[in-house]
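Subject: Structure handover

Hello,

Here is the structure we talked about. Please open it beside this email and follow along.

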Amino acid sequence: MKIMGLSKTLHWLSWYTKWMIMSVVSYTVVTLFLCIPIIGETAIFSRSNFFLIWIFFVFFCSSVITFCFLICVLFQKAPSNDGIGVILFFATYIPYYVYGTRFAQLAYSAKWLICLPLNSSLGIAISMALNAEVNLRGITFANFFKHMEGFQFSFGEVLICLIISSMIHILITIYIELVFPGDVGVPKPWYFPIQSCINLIRKN
């Protein structure tokens, strides 16, 4: 497709759109089961706002998809993608596994760093939502950006971490693909993001 002239932007956008639609449909069903008592008298997140739980899963899906894009450009051979990609995906859970039980005691900046890996943010967000349900509050617009007791962090900030992680995945993916385009394309120098500044310095 690259040989035929398809732009990189359209290439990635088409894959993103396809998998985002499929993921959103799947997680909409998951959110229905979590927030609405379809089976049994109560749901797991019965007190939480359906839209807030759903939008969290949407941004989680986005982070997963962009993470997969990053794996694809890092390991361009299909066999490598499968094994290493799965290992790296589950490795993003390690920060939550290590620091999840003492998350509240961490420095505020450290909490942001721990929530950047997509599975760590998932673990923290689910823990927050469950804690809010136990305390008979749930995740609502009223407490979305309020620091929760036991976490000293907000559900909304975890959502922002997912947005930031998606952007980081995309930027690294674009950078690697431009510097290492494979068999098709002309590679850019590794310093191309600051190439104009370097050229300006050379002229002076």
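Start with Cys-68. Its sulfur has its closest cysteine sulfur in Cys-72, 6.8 Å away, which is too far for a bond. A disulfide needs the two sulfur atoms within 2.5 Å. The count for this structure is zero disulfides. As a reminder, a disulfide is a covalent bond that joins the sulfur atoms of two cysteines. Cys-68 is partly exposed, because its relative accessibility is 38%. Cys-61 is buried, with a relative accessible area of 3%. Keep in mind that this is a predicted model.

Next, the nonpolar cores. Nonpolar side chains tend to be buried together in soluble globular proteins. The largest core here has 33 residues. Seven names to look up are Ile-53, Phe-56, Phe-103, Met-128, Ile-139, Phe-155 and Val-158, which touch the most other members. Five helices each supply at least two residues of this core: H1 (8-35), H2 (50-74), H5 (108-115), H6 (118-134) and H7 (155-179). H2 gives the largest share, nine residues.

Beyond residues up to four places away in sequence, Phe-56 touches Ser-121, Leu-122, Ala-125, Phe-155, Val-158, Leu-159 and Leu-162. There is also a second, separate core of nine residues. Among its members are Met-20, Cys-61, Phe-69 and Leu-70. That is the buried Cys-61 from above.

Now the aromatic rings. Two values describe a ring pair: the distance of the centres and the angle of the planes. The count for this model is 15 aromatic pairs. One of them joins Phe-51 and Trp-54. Their centres are 6.1 Å apart, with 35 degrees between the planes, and the pair is tilted. Both sit in helix H2, three residues apart, so about one helical turn separates them. Phe-51 is partly exposed at 42% relative accessible area. Trp-54 is partly exposed too, at 21%. Elsewhere, ring pairs link Tyr-27, Phe-56, Phe-57, Phe-60, Phe-144, Phe-145 and Phe-155 into a cluster. Phe-56 and Phe-155 were also named for the largest core.

Then look at helix H5. Which residues of H5 are buried? They are Lys-111, Ile-114 and Cys-115. These residues cover an arc of only 95 degrees around the axis, so they lie on the same side of H5. Ser-109 and Leu-113 are exposed on the other side of H5. What do the buried residues of H5 pack against? Their partners are H4, H6 and H7.

Two buried loop residues come next. Thr-92 is in the loop between helix H3 (78-91) and helix H4 (94-99). Thr-92 counts as buried because its relative accessible area is 11%. Setting aside neighbours within four places in sequence, Thr-92 is in contact with Phe-67, Pro-117, Leu-118, Asn-119 and Ser-120.

Asn-143 is in the loop between H6 and H7. Asn-143 is buried as well, at 13% relative accessible area.

Last, the backbone angles. Most residues other than glycine have a negative phi. Leu-136 has a positive phi of about 60 degrees, although it is not a glycine. Leu-136 is in the loop between H6 and H7. Is Leu-136 buried or exposed? Leu-136 counts as exposed, because its relative accessibility is 58%. Gln-152 also has a positive phi, near 55 degrees, and is a residue other than glycine. Gln-152 lies in the loop between H6 and H7. Gln-152 is partly exposed, at 38% relative accessibility.

Best wishes

Definitions and conventions:
Residues are numbered from 1 along each chain as its sequence is written. This is a predicted model: local features need pLDDT of at least 70, side-chain atom pairs count only at pLDDT 80 or more; totals for chains, interfaces and linings use all residues. Side-chain values use heavy atoms; hydrogens and water are left out. Buried means under 20% relative accessible area, exposed over 50%, partly exposed in between (1.4 Å probe, protein chains only). A nonpolar core is a set of buried Ala, Val, Leu, Ile, Met, Phe, Trp, Tyr and Cys residues joined through side-chain atoms within 4.5 Å. Helices (H or I, at least four residues) and strands (E, at least two) are DSSP runs, numbered from the N terminus. Contact means heavy atoms within 4.5 Å. Rings of Phe, Tyr and Trp (its six-membered ring) pair if their centres lie within 6.5 Å; planes under 30 degrees apart count as stacked, over 60 as edge-to-face and the rest as tilted. The arc is that of the directions from the helix axis to the C-beta atoms.
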